[in-house]
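Subject: Structure handover

Hello,

I am passing on the structure we spoke about. Please look through it first; my notes follow below.

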Amino acid sequence: MSETGFETAFNGRIGDMLDACTACGACFTACPITEAAGVGDADPEMITSGILDIIRQGSGPEASRKWASSCILSGECIKACEYGVNPRFLLAVARVSLAKAAKEPAEQRRAGVESFHKTSQEVKFLSRLQLTDKALERLGQAPSIYHPAHDENTETPDVVFYTGCNVLRTPHIALLCLDIMDMIGVTYRVMGGPSHCCGILQFRTGDLEVSSRIADNTLNKFAETKSGQVLAWCPSCFVQFTENMLPTFERATGKRPFDMTPFIHFLRDNLERLRPFLRTRVEMRVALHRHPGVAGVVEAAEEILRAIPGIELVDLRQPAVGLQSFNLAVLPTYKRDLQLRELEAAREAGVDALAAVYHSDHRELCAHERDWPFRILNILEILGESMGFREEDRYKNLKMMQDVDAIISDCHDLIAQHRLDPAKARSVVIRGMIADQPLPLVGAMPALTTAPPRV
Ligand code: SF4
Ligand code: SF4
């Protein structure tokens, strides 16, 4: 697909939505973060009509710009629209328009390249500080050392398992996905990492041309497997493909080469295949850390947990907002408050574990296990325990050290095996692991300034 074809199709989709949107404001009214974004008093019709102005002209009222920039992708707006418009997509396009208006094309491209480079470096180093070549290979990552036994599998798999990039920072989660599929007899091809980018980083900087080229390349790799079903781990990749890229690809080419399904939906849909393997009781009171941005994932995760013998699911009655923890970075104080209140609620409820679904939730929460009287787990760890296998959570073990020298020393063998530059590894550990801590660990707690929304 030529880039012109993509842009024409993308603009066509935007035009259709602009025509359909009546600026009724229902999406704004349904949005859970308008207070936290400082636009709670704005007139819904005015603010949504301002979003249309931003898309058409690159500028609009301050309140509309603020709302668009504060979107955490909860998706409540999608349910609220009665005109068939996807307001979350419109807000994404508004952010693209603002980014385009703020920077020259060359600057947008540079920002996208820098962002991609930073993510690639962090993913490369953090995954290699935790995994052997064999495990990297299992996750579809090129081994650091040539491995002659590695053969390209040409059989059509049942599914493509698309990791995205960032789950490779906490690779035990991705490995657990593979363990589960192995156990229930699903064949898969693993794709992901920076070589199978979804293009979101360039999309955010406004560089649609490069973003679409990258996503198109990855789409074609999925299609070449002939599997027809792509399981997405990452909610950010899922939204990027299913709301931005795949419908545009379909409009431009008339083809839809595969369906994309969130991995947790796939597990829930295969619960009857899983059940016979849930042999070990896991006596645990578990609270689920929830994000509703991909419709149905919270409900599917709860159903999976309930199916595990011995699990008691505890509702902490905390707000569930956003696509995953990472997306709340645009509202840092609000995010810290939510995370602190959830930890406090978990302590009060006396749970054994606070379990998250997504990788960014796990990264941001896991080191709190050091300071609170319960474990921080990924739900697949609990599922794995019942099925009789485990993958070591090296990320949490390293992060809880909170000491870069101790971490580097612990990873000494893998640094040598992968021939990593120790100075670079050190700087990635500091900025990509230890500093990835929105709510500081106990002892460095900030004052709370924003009240979280009611449940
Ligand atoms: S996107 Fe839908 S809900 Fe939002 S203003 Fe437009 S028509 Fe109304
Ligand atoms: S996706 Fe969520 S945060 Fe963004 S506008 Fe819609 S409801 Fe608000």
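Helices, as named here, are DSSP runs of H or I with at least four residues, and strands are runs of E with at least two, both numbered from the N terminus. This is a predicted model.

Domains

The chain is divided into domain 1 (3-102), domain 2 (105-145 + 152-269) and domain 3 (278-434). Between the C-alpha centres of domain 2 and domain 3 there are 21 Å. Their contact takes 29 residues from domain 2 and 38 residues from domain 3. On the domain 2 side, at least two residues each come from helix H7 (105-128), helix H9 (171-184), helix H12 (235-253) and helix H13 (263-269). H9 gives the largest share of that side, eight residues. By class, the side of domain 2 that touches domain 3 has 16 nonpolar, eight polar and five charged residues.

Ligand 1

Ligand 1 is surrounded by 14 residues, and the closest are Cys21, Cys24, Cys27, Thr48 and Cys81. Helices H2 and H6 each supply at least two residues of this shell. The shell around ligand 1 holds 11 nonpolar and three polar residues, and no charged residues.

Ligand 2

The shell around ligand 2 has 13 residues, the closest being Cys31, Cys71, Ser74, Cys77 and Arg88. Two or more residues of the shell come from each of helix H5 (76-80) and helix H6 (87-102). The largest share, three residues, is that of H6. Nine residues of the shell around ligand 2 are nonpolar, two are polar and two are charged.

Is Cys31 buried or exposed? Cys31 has 27 C-beta neighbours inside 10 Å, and 20 or more make a residue buried, so Cys31 counts as buried. Beyond its neighbours within four places in sequence, Cys31 is in contact with Glu76 and Cys77. Cys31 and Cys71 are 40 residues apart in sequence, while their C-alpha atoms are 8.8 Å apart in space.

Two residues with positive phi

Leu73 is not a glycine, yet its phi is positive, at about 65°. Where is Leu73 placed? Leu73 is in the loop between helix H4 (62-70) and H5. Leu73 counts as buried because 24 C-beta neighbours lie inside 10 Å.

Arg317 has a positive phi too, near 55°, and is likewise a residue other than glycine. Its place is in the loop between strand S6 (311-314) and helix H16 (332-349). Arg317 is exposed, because 10 other C-beta atoms lie within 10 Å of its own, and a residue with 12 or fewer is exposed.

Sheets

One open sheet has four strands in the order S2-S1-S3-S4, with parallel pairing. Its edge strands are strand S2 (188-191) and strand S4 (259-262), each of which pairs on one side only. Neighbouring strands of this sheet are turned by 30° against each other on average, direction ignored. Strand S1 (residues 159-162) runs parallel to S2 and is joined to S2 by four bridges. In this pair, Tyr162 stands opposite Met191 in S2.

An open sheet of four strands also has the order S6-S5-S7-S8, again with parallel pairing. Why is one side of S6 and of strand S8 (375-378) left without a neighbour in the sheet? Both stand at the edges, each with a single partner strand, so there is no neighbour on one side of each. From one strand to the next, the twist averages 35°. Strand S7 (residues 353-356) and S8 pair in the parallel sense, over four bridges. Ala353 stands opposite Arg375 in S8.

Those are my notes on this structure.

Regards

Key. Residues are numbered from 1 along each chain as its sequence is written. Chains are lettered from A and ligands numbered from 1 in the order in which they are written. This is a predicted model: local features need pLDDT of at least 70, side-chain atom pairs count only at pLDDT 80 or more; totals for chains, interfaces and linings use all residues. A residue is near a molecule or strand if its C-beta atom, placed from the backbone, lies within 6 Å of it. Ala, Val, Leu, Ile, Met, Phe, Trp, Tyr, Cys and Pro count as nonpolar, Asp, Glu, Lys and Arg as charged, and the others, Gly among them, as polar. Two strands pair if DSSP finds at least two bridges between them. Axes are lines fitted to C-alpha atoms, for helices over the stretch in contact, and angles run from 0 to 180 degrees between N-to-C directions. Domain bounds come from an automatic or database domain assignment. Two residues are in contact if their C-beta atoms, placed from the backbone, lie within 7 Å.
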